[in-house]
Each structure stands twice: as structure tokens, then as C-alpha cells.
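Welcome! Please have a look at the model below before reading on. A short tour follows, one topic at a time.

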Amino acid sequence: MTFPNDNMTREMLVVEAHIWNHTFNYINSMSLKRAIQLGIPDIIHSHGRAMTLSNLVDALSINNNAKSLDYIFRLMRILIHGGFFNQTRVNDKEEGYLLTLVSCLLLKDEPLSQVPFVQMELDKKFIDPCHSLSKWIKSDDDSSIPFEIAHGKPLFEYDERQPNINRQFIEIMANDSLLVISVMIKNYREVFEGLKLLVDVGGGTGIVAKVIADALLEKNCIVFDLPHVIEGCEGSCHVGGDMFKFIPSTDAILLRQWVLHDRSDEECIKILKKCKEAIPNKEKGGKVIIIDMVLMDRNLEKGDDKSYETQLLCDMFMMAHVSRKERNKQDLAKLFSRAGFRDYNIIPMLGLRSIIEVFP
Ligand code: SAH
């Protein structure tokens, strides 16, 4: 397509702005990272009321000079635009910063805090592989992964000084799961109705299973994870094992997010088959409850555009770090049918995730 001169309308300036917006989008991520590093949400929270720029700069561990005032003013301005903070008038001359619902999730000690997640995902080691995508696509080796091209090792072998990186991941995922499961218990309680025993497969350290058992009083929730993960976990409801080999018998299985999405189709089918062996048929109430992303179909679904875009970003993230993908409804239906399940039901929650009930 070429642009004759009479197409050089003012609209082209909007087009240019759109390109610039995409070009500089990483600055949004970096501004968020910087605000967290500086502890800005916690500082405003402890202040207890709207906080002026000079109060904020005073409270930060940076020099209080004209340069800092200008930097923090501009950092806060872009973050206000991003919905992270609000501003309100505190006196005749000054405005003060307030938290929003978004920055409340960025308080470090908040149980549902997203801070560890943001810090991990915006670490340089996760950004570098994005520069290796073109090298990766040219490679003849189908098993290569951009992360490995960038760092010489796959993700979980990356940092020998941090043998606990897996544990760190599990804890970060657990924070996110806690948020999603809390919303689910409050708004989609019927999914758990009639079930007496649940096994949370790949359930990590068990924080989420405890929330479920506490909230849904009569439910017994067993955490099933690799033996070294459950080692040292408190409570008697932990069972160690390998989900590819055997899953304890139960009414229903919970496969929370982060269990299937970084697995190949073949691996997912193996896990789902083991799930099927562990539960009774649909008539007796057997089901697998998956909480995961279901990539929206933009042509068919009128979802919220921001969530759709975020799902696409997550999909590209999966490509760069583990060479996997986020699945859409059709991809999932194929997996369920190949694993021998007869039926499924997708309940989209607001935001990124859905509840998927899969029936044998
Ligand atoms: N479901 C949790 C944690 C997801 S991380 C959440 O949503 O927060 C994936 C989990 O699967 C980890 O806890 C990991 O230890 C566990 N896992 C990985 N391979 C496994 C296997 N073969 N058998 C059982 N659990 C496994």
C-alpha cells in the first residue's frame, strides 16, 4: 500500500503517534519497576493521606534537590496516567498523591501483593531473551528456546547461585493464585458445590489449598506436588508425587494456573489422563477444575480490550522464556478430547483468567 499525497491527512499524525506509543511502551514497564524499587506505594500508604511531591521526595532515599523533584514529578505523572496513582488538592497551592486500587496491589506487605511478580518479570534476565527472538526463529533446532539462546541455559538452570529459584517461582505464583482463588470463592462458589475432597495438583506450598479449605468449610483439600516442594510444609494434607505417574483418588482435581500453560500438548494430555484416572465420572460429580488463561478470540468475543492485549503479551512472554504458548478454546478442547474427557465448560472471569470445568 502506498500513500498518495491526498492521503496525507491529519490522521497520519495519529498513526505516527501510535507507532511511537508502541516504540516507547517499555518505558511504562520501567517506570513501574522504578516506582516499586523506590517503594513509592508503601511510602504514600504509610503517610496515611494525600502526599505532596516535596513530602514524597523527602521520604525517598534520594537527594532532595531540584533534579529529584523534577524526576519524581515526571515519574508520578506517567504513573498517574497509567492508573497507578491519583491526585487531589491538599491546600491552595499544592496537590497530593493518593493510591488507587491498582497501587494497593503494589504494597509490599499486602498478602496479595503483585510486587514480587513485577520484580521477577521485569528482571533483566527475562528481558534479554526478547532480543534473541530473531536468532531463535532462524535456528533449525526445533527444541531451542530464546531464553537459552540469550543465557546459554534454560530458565530453571539459569542461576546456579540460586538453587531455590524454583521455590521463589512457586511463592510468586502462589500470591497471584491467592488473588484469583479469593475472587473465585466469593463469586463462583458453585464450582465447588457438592465436592467433599479436592486435590490441588501442582499446588505448591499449599497456601491456596488452605484458603479453599477454610472458606469452603466442609471441603478437604489435599496439596499434591513434587516431594522436594512439599518437604517441610506444615499440615497433614500434603502428598508428594509425580503428576505424570499417579494422582491420588478424589472427587475433583484443581489444576490452578501455571501448571498446564508451560507444558507441551503431549505433557498436558499425560497429566489430564492421570487426572481422569483419579476421579469418578461426571454423573458422580467427578471433574477437573482448571484455572488458567483462555486466549480470547477477538473476532467472536467482546472481551475487554486491555485484557486481550495482556493475554497476547503473556503469549509472547511464554514464547521467549519457555517456547510455549497461551491456548485458546479450540486448543484446549483438543487436549481434553485427546485425554478422553467428554465435556467441558468455560466460565470467563473478569480480567485474564477463566475457570474451566472438564468432565470425564
Ligand atoms: N498451582 C500453583 C503453583 C504452580 S507452579 C499456583 O497456581 O500457584 C507449578 C507447580 O507444579 C509447582 O509447584 C511445581 O513444583 C509443580 N510440579 C512440577 N512438576 C510436577 C510433577 N511432575 N508432579 C507434581 N507437581 C509438579
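## A helix and its salt bridge

Helices here are DSSP runs of H or I with at least four residues, numbered from the N terminus. With that in hand, take helix H5, which spans residues 66–81 and holds both Arg74 and Asp70. These two residues are 4 apart, about one turn of the helix. Keep in mind, as you look, that this is a predicted model.

Side chains of opposite charge can pair when their charged atoms come close. Arg74 and Asp70 form a salt bridge, with 2.7 Å between the closest N and O atoms. The structure as a whole holds 15 salt bridges.

## A sheet of three strands

Next comes an open sheet with 3 strands, ordered S1-S3-S2 and paired in the antiparallel sense. Strand S1 (51–52) and strand S2 (85–89) are at the edges with a single partner strand each, so one side of each has no neighbour in the sheet.

Strand S3 covers residues 95–99 and pairs with S1 over 2 bridges, in the antiparallel sense. For Thr52, the bridge partner in S3 is Gly96.

How is the chain divided? The domain assignment gives domain 1 (6–104) and domain 2 (115–359). On the contact between them, domain 1 supplies 5 residues and domain 2 supplies 6 residues. Taken over C-alpha atoms, the centres of domain 1 and domain 2 are 33 Å apart.

The size of an interface is often given as the accessible area lost when the parts come together. Between domain 1 and domain 2 the buried area is about 460 Å², and carbon and sulfur atoms give 78% of that area. On the domain 1 side, Met30, Lys33 and Ile36 lose the most area to domain 2, together making up 70% of what that side buries.

## What the contact is made of

How many salt bridges are there between domain 1 and domain 2? The count is 0, and 1 residue pair is in polar contact between the two domains, both residues at pLDDT 80 or more. The side of domain 1 that touches domain 2 has 3 nonpolar residues, 1 polar and 1 charged.

Conventions: Residues are numbered from 1 along each chain as its sequence is written. Side-chain values use heavy atoms; hydrogens and water are left out. Domain bounds come from an automatic or database domain assignment. Contact means heavy atoms within 4.5 Å. Buried area is the accessible area (1.4 Å probe) that two parts lose on being put together, summed over both. A salt bridge is a side-chain nitrogen of Lys or Arg within 4 Å of a carboxyl oxygen of Asp or Glu. A polar contact is a pair of N or O atoms within 3.5 Å; within protein, one must be able to donate a hydrogen and the other to accept it, and residues adjacent in sequence count only if both atoms are side-chain atoms. Ala, Val, Leu, Ile, Met, Phe, Trp, Tyr, Cys and Pro count as nonpolar, Asp, Glu, Lys and Arg as charged, and the others, Gly among them, as polar. Two strands pair if DSSP finds at least two bridges between them.
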